[in-house]
Amino acid sequence: MRTRVDPEVAGLYRQQLKDTISCYIDYPEEVVFSLPPAELDDIRLQWLRRKFDAAVGGIAIVGQMAQQHGIDSVGCFDDALPIFYNQETFQSYPQSWLENSDFKRMTKWLGKLCAVDLAAVDASSCESIEDWIAVLQQQSSVDLMISAGGNGKAAFLPRTCEEWMTAQRATLWGIQMAMQAVDGDAAPLQSGVDRVPLIYPGARAGARSWRFLDFYEDTFGNGLVDAPLGYTDADLLTLAGRIREASRKGEAGSLQINPALLARKDEIARLNAEKPLQIEALMQRMLDDYRDQRIIFYSSMQMLYDLAMRFEQQGIKGAYAADSFFFCGGGFVSGTAPDDWKARAAAALGIPESAIRIGYGMQESLTGMQMCDHGNYHIPVCMIPYVLDETTDQPLPRSGRQQGRFAFFDLLADTSWGGYITSDRVTINWDQPCGCGHQGAYLDAAISRVAELQDDKIGCAGTAGALDDAADFLLRA
Amino acid sequence: MQYQIPIVARGEVIEDCEVTYQGRYGADFSCPDPNKYLSSILLPSRREMEALYELTIDEVVDYLVAFGQRLDIADNPHLQRALELAEAFNDVPVYLIKGALADLQRFFTREALEAMIDTVGREHLEGWKTYHRATGRISHIHAFGVPTVHVIAGNGPSGAILTFVRNALIRGYAIVKIPSNELGTAVALARTAIDMAPDHPLTRSYSAVYWRGGDEAFERKLYHPSNIERIVAWGGYESIRHISNYVRPGIDLVTFDPKISRAILGAATLASEETMREAAIRLADDVGNGNQNGCSNCRLAYAISDGSEDFLEKLMRFGQMVFDEIQNLPPEISSEAIHMDAGFKSKIAMLSMLDDEYHVIGGDKRGGVIISLEGDQVDFADELKYRTLNIVPLQDYDAMLSFITRDVQTVGVYPESVRDELRTTLALHGVQRITSLGYMRHFDPSVDPHDGNEALRKMSTWVLAEDCMTNEVPAQWRKPR
């Protein structure tokens, strides 16, 4: 869909973008994506320099890495790459601190990752991660984000409330723009007018929850969010990973695990048992209670498809109001999308295909990206993309079509550091315009994990203690 | 760049390379479709193995000695090709592989082969060894080779070589799964054997095939008790996890598990400049040899504190000495990292930020030494690489032993008295080898126990033929009560 962009508005936008990068959310999508790539890159580079200058003095780890790499200024995008964070950065505390409830040192460590001054935070009385989160909230602007897979070491991202607010506004903008672009009845939500349930099959609250849910209710009214998993307890969430880490240190490690936490292992078993029931109960509500209503549903592709197929099996077409909206991502369990899945799902759900939006994002960035009608993910203006050689992590040329490891600098990050190297393999198109009319670089739909390539390699070094079921074993003991 | 990796199936080279795999470091390789050639890879009948048992062990040894003489990389084009493949696909520097390939021939001397035979007992390999049992029964015991898949490690050529020798000595039928990081050696050996004696039963009993590890369609067909009786799997947690899906009654699994190695520095280590220097030189070799890719590389050293006030200061100085000695290692033994992953680098960089807790020396492509000032090993100690060592000061052996798990293969000790004092205790904690500091790479699994296994004995199937009549043992039901 190509819309003519008012040159006056575009001029105002590009001027404002130089002063406030987040201003793009005050403009319609066609304006935001109308800047010629070279011009946008000039603005981004200016921003990167500002962010770098502030962080070198303001974020201890960035300052140290810059010094180690002899970087004192950023001449071009690639100059900043050696000081990007990666998953390891947010997990780089010694596990024993967590087990010994040494949150004083955890706080000091966290303070080195961001520009927020945490020196005055007194975490000495904290006994659990939940306590620590509460103390950080009370005594600083940090609203801690946790990422922890079932087995990995917990990663702590020091996001401030202000940053979260920026993220929520950017998310809402994304939703509104997507709804506006739908062929048919959907239109952006109006505060005070539209009361549309937002259904999200995840946690409603807690350190791992999607912060947008609160913002949505604040904006459109209480009681609109349906997120069945309740409150996620950060200590329980991380326990499996902590046991796994500890088991690598033999008896010494097992002795380190906080006994108070270990005593709660039954709670984990209960939560794990309840989760499928809660999700199924949500599915039932969607099959029955929400029928014919206008809804917004945020889920994995697999879940959206499963829902639609349940309707299809019952012979139901048009299950929801035609102006409903579906956001999904994450792909299918089998790794390949069923043929024609979108059309079949749209028919069952009763919406135009364009009301199913696919997104790609990660928690290390404050914004995500959406797939356009031409099947490409457009990179937000506030994000500087990089594609790296997968083995050397060296940047690939910023031209043509390149495949490799995705890295980015998130210019919306304020007290956090925006540079991050992901584990995702992407294909980027730097200079071939997309048929949808958006300017700038975009990613192909196919995104996978970089690690997959190396699975087949065998070496003799390693430990069976790193078994991924070590935690299960101990939790059941 | 694309390389072709043939299948060698029972003496036949198949070069119909139609399946392409993306390798690491930008090179691709293509192979024949293993599904298409499964029947060539498998023995058509167990009777095929009879020819092996018409050979004497002397003939087997003669074959291997003659084979070894053809393994001079200077004039063996197959090994030269293997080296080229290692350069493209392995993360071990090519001269280290070259060194290992040049050293191949040591496995093929008569003396080395006889020493390997001795680990099983020549009589058990040659034929039926007789035992007279107390009841009068006469037992004849013979160790046999059986159709076996060998999933070998790819961090060097030794897996393919040891498998060749071991398989010949027990007269088994080996299907080697070529590792994606070491694509050349198994094929090179098989082709050298074909050049030498194309129809020899031993030549026809060593096949080499690449398939993608975890290719379920192929593995389901291959790993069936009617096809193979044993899987010998080296290293790689993922690879063993895949394989465990196929283990069932009728298939025996022998694993050489992924392992790591550590050092114990007794209190006497820091007693004088001289002992510090000596221990640093030795420890540097254990850390740096082969660029710390192997299971028998040291990643952690526990230093027993003598309780003196300046201990930590001295330990930091010792750490610097180890780091310097790593830099002094001769290039044929060790070198700076070639490909260094950013995640690892940033882990070290983050530790260096925590300077109350860790003292970090280096931490770049030269390698590094991390001293845990508070006596707790780093969380990723077992994943240390690029010649990086974590030294952990501890008050006594009790504190040290609580860190020892069954994942520890080798412990290097200094001074020597530590071995005598601790070997039994270490063994009870799961340690499988205790050696002098500086000698971790001196390991010879062809004659000494391999990861806690007597490899040749375990790779054999022990068959019993009984004679219950000669000494007139009465039939069970006629035994007088």
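The model is predicted. In chain B, seven strands form an open sheet with mixed pairing, in the order β15-β16-β17-β14-β13-β18-β19. Its edges are taken by β15 (358-364) and β19 (433-436) of chain B; each has a single partner strand, so one side of each lacks a neighbour in the sheet. Ignoring direction, neighbouring strands are turned against each other by 20° on average. Within the sheet, β13 (residues 260-265) and β14 (residues 298-304) of chain B pair in the parallel sense over five bridges. Ala263(B) is placed opposite Ala301(B) of β14(B).

Helix α11 (residues 273-288) of chain B packs on this sheet, where β13, β14, β16 (367-372), β17 (388-394) and β18 (408-414) of chain B are touched. Helix α13(B) lies across β15, β16 and β17 of chain B. The directions and the helix pair discussed next are set out in the table.

| Pair | Angle |
|---|---|
| α11(B) and β14(B) | about 150° |
| α13(B) and β15(B) | about 150° |
| α3(B) and α8(B) | about 175° |

**A helix pair in chain B**

Two packed helices are described by the angle between their axes and the distance between the axes. Helices α3 (residues 77-89) and α8 (residues 185-196) of chain B have axes 8 Å apart and an angle of about 175°. An angle over 145 degrees counts as roughly antiparallel, and α3(B) and α8(B) are therefore roughly antiparallel to each other. From α3(B), His78(B), Leu79(B), Arg81(B) and Ala82(B) meet Thr185(B), Ala188(B), Arg191(B) and Thr192(B) of α8(B). By class, this contact has three nonpolar, three polar and two charged residues.

**Contact between the chains**

Contact between the chains involves 46 residues of chain B and 40 residues of chain A. On the chain B side, α10 (237-244) and α13 (342-353) each supply at least two residues. The largest share, seven residues, comes from α13(B). By class, the side of chain B that touches chain A has 16 nonpolar, 19 polar and 11 charged residues.

**Helix α8 of chain A**

Helix α8 (residues 161-181) of chain A has 21 residues and should span 30 Å at 1.5 Å a residue; its end C-alpha atoms are 30 Å apart, which agrees. The buried residues of α8(A) include Glu163(A), Trp173(A), Ile175(A) and Met179(A). Among the elements that cover the buried residues of α8(A) are α9 (212-220), β9 (325-329), β10 (356-360) and β11 (369-370) of chain A.

Technical notes:
Residues are numbered from 1 along each chain as its sequence is written. Chains are lettered from A and ligands numbered from 1 in the order in which they are written. This is a predicted model: local features need pLDDT of at least 70, side-chain atom pairs count only at pLDDT 80 or more; totals for chains, interfaces and linings use all residues. Axes are lines fitted to C-alpha atoms, for helices over the stretch in contact, and angles run from 0 to 180 degrees between N-to-C directions. Helices (H or I, at least four residues) and strands (E, at least two) are DSSP runs, numbered from the N terminus. Angles under 35 degrees count as roughly parallel, over 145 as roughly antiparallel, 65 to 115 as roughly perpendicular and the rest as oblique. Two residues are in contact if their C-beta atoms, placed from the backbone, lie within 7 Å. Ala, Val, Leu, Ile, Met, Phe, Trp, Tyr, Cys and Pro count as nonpolar, Asp, Glu, Lys and Arg as charged, and the others, Gly among them, as polar. The expected span of a helix is 1.5 Å times one less than its number of residues. A residue is buried if 20 or more other C-beta atoms lie within 10 Å of its own, exposed if 12 or fewer, and partly exposed in between; C-beta atoms are placed from the backbone. Two strands pair if DSSP finds at least two bridges between them.
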